[in-house]
Amino acid sequence: MPIPLIAQGFQEGISSIPYAWTVLKIVPWVLLVAALKYYFGGARNGSERLMHSKVVMVTGGTSGIGASVVHELASRGAQIILLTQHAPSDVFLVDYIEDLRKSTKNRLIYAEQVDLSSLHSIRTFATKWIDNVPPRRLDMIILCGNTAAPSSASRKLTVDGLDEEWQVNYLANFHLLSILSPALRAQPPHRDVRVIFTTCSSYIGAKIDPKQIEAACTPDASAPRGTKNGKNVKKAGAGSKKSKTSLFGASKLALMSFAQSFQKHLNAYERPDKMPPCTRVIVVDPGFSRTPGTRRWLTGGSLWGLLLYLITWPLWWLVLKSPQQGAQSILYAAMEARYGRGTGGWMIKECQEVDFARKDVRDEEAGKLLWQFSEAQIELKEKKSAVKRALANKEQQEKENQKNNGSSSSKPAAKEQTPGSRRSRKANK
């Protein structure tokens, strides 16, 4: 059909073809939008890797980029362990895993409850994982768990009294990997083990200031309390100075610095078999994507912001990647063969290896100070949380004892035997 129309256009002129001028006016714009969409969509992963029998642990794997990564790896046969804040019996999580198993035709998808906003939850899971002989198989850890507070929202503190962005984006990953490091070092030398960190370009202009971090983690005396996922969450006052302090960029910079220190920590371990280390650390910048976290940050967490986002959605659809497109660099880091050897510590962006925009990311002295600061912060907060749990357990036990004592004292006294009754006659026999 197009050939006769083209021939007619040459013989009788374009005006002889109905709507020809209208189509010619629209087609260049359609092609321009398609070209821009392809450009902003970023690079595509072209690497392949046999993922059958591989055990992959993923944080943030139930939404956004993490969900796309999980779907792709599960489709290739990997055994997936989702670390989620929901209990394995949660209805949403059960349905999500069942749908994932059906769509990927992979039954080896499981969930473990690990709340990144709770240091105790992380320690409980990680110690249970490494307390196993022989060591469990672990081929990959992908850290996609992330949170970004809207600029208009008040600062949130976790149950440990730490800034939510700082703990979820950085300190939780530090705590998890610090405990799991023996499990990573115990993997056989022939195994290709990878730890993939996710970051973003906000680290470029960030600064790690311990005083600022401590100030952001200090709740206001007048701060209201709320609940999140059934747990108490403290909020700093909306008008306070620390309510406007964002630690998102600092948390990403700290995460990247820790990634380099963690690689050195793994490389410094001398294996009993005298073989070289088999674990490589990779930092990935997936780019800006239309994830739930990005949408929440763009809308400012308000209904008016959501309305503005919906009105301008075509613009965000054009310039922001989809979660599937954002997952491509992570999949490239997980599958590219050349990252299965070497000393590790690479950074990947748009499916290619790039250098860090900040030279201090590789600063060994700064990384050592950050490691010490993080360990001290975790130790302090875990001690306080342990005391709180002990007091809460003691209070609960006292309430149960009072309840049991009250119920036992409220039992009716035995009735007196009336003279001449059947019981009294039996007793006199």
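Start by selecting H120, which sits in helix 5, residues 119-130. Keep in mind that this is a predicted model. H120 is partly exposed, because its relative accessibility of 37% falls between the limits of 20% and 50%.

The side chains of H120 and R389 are joined by a polar contact of 3.3 Å. Next, show the C-alpha atom of S385. It is 7.9 Å from the C-alpha atom of H120, although 265 residues separate H120 and S385 along the chain.

Move to K105, in the loop between helix 4 (91-104) and strand 3 (109-113). K105 is exposed, with 78% relative accessible area. Check its backbone: phi of K105 is near 55°, a positive value, and K105 is not a glycine. Most residues other than glycine have a negative phi.

Select S53 for another positive phi, here about 75°, again in a residue that is not a glycine. S53 belongs to the loop between helix 2 and strand 1 (55-59).

Is W29 buried or exposed? W29 is exposed, because its relative accessible area of 61% is over 50%.

Notes:
Residues are numbered from 1 along each chain as its sequence is written. This is a predicted model: local features need pLDDT of at least 70, side-chain atom pairs count only at pLDDT 80 or more; totals for chains, interfaces and linings use all residues. Side-chain values use heavy atoms; hydrogens and water are left out. Buried means under 20% relative accessible area, exposed over 50%, partly exposed in between (1.4 Å probe, protein chains only). Helices (H or I, at least four residues) and strands (E, at least two) are DSSP runs, numbered from the N terminus. A polar contact is a pair of N or O atoms within 3.5 Å; within protein, one must be able to donate a hydrogen and the other to accept it, and residues adjacent in sequence count only if both atoms are side-chain atoms.
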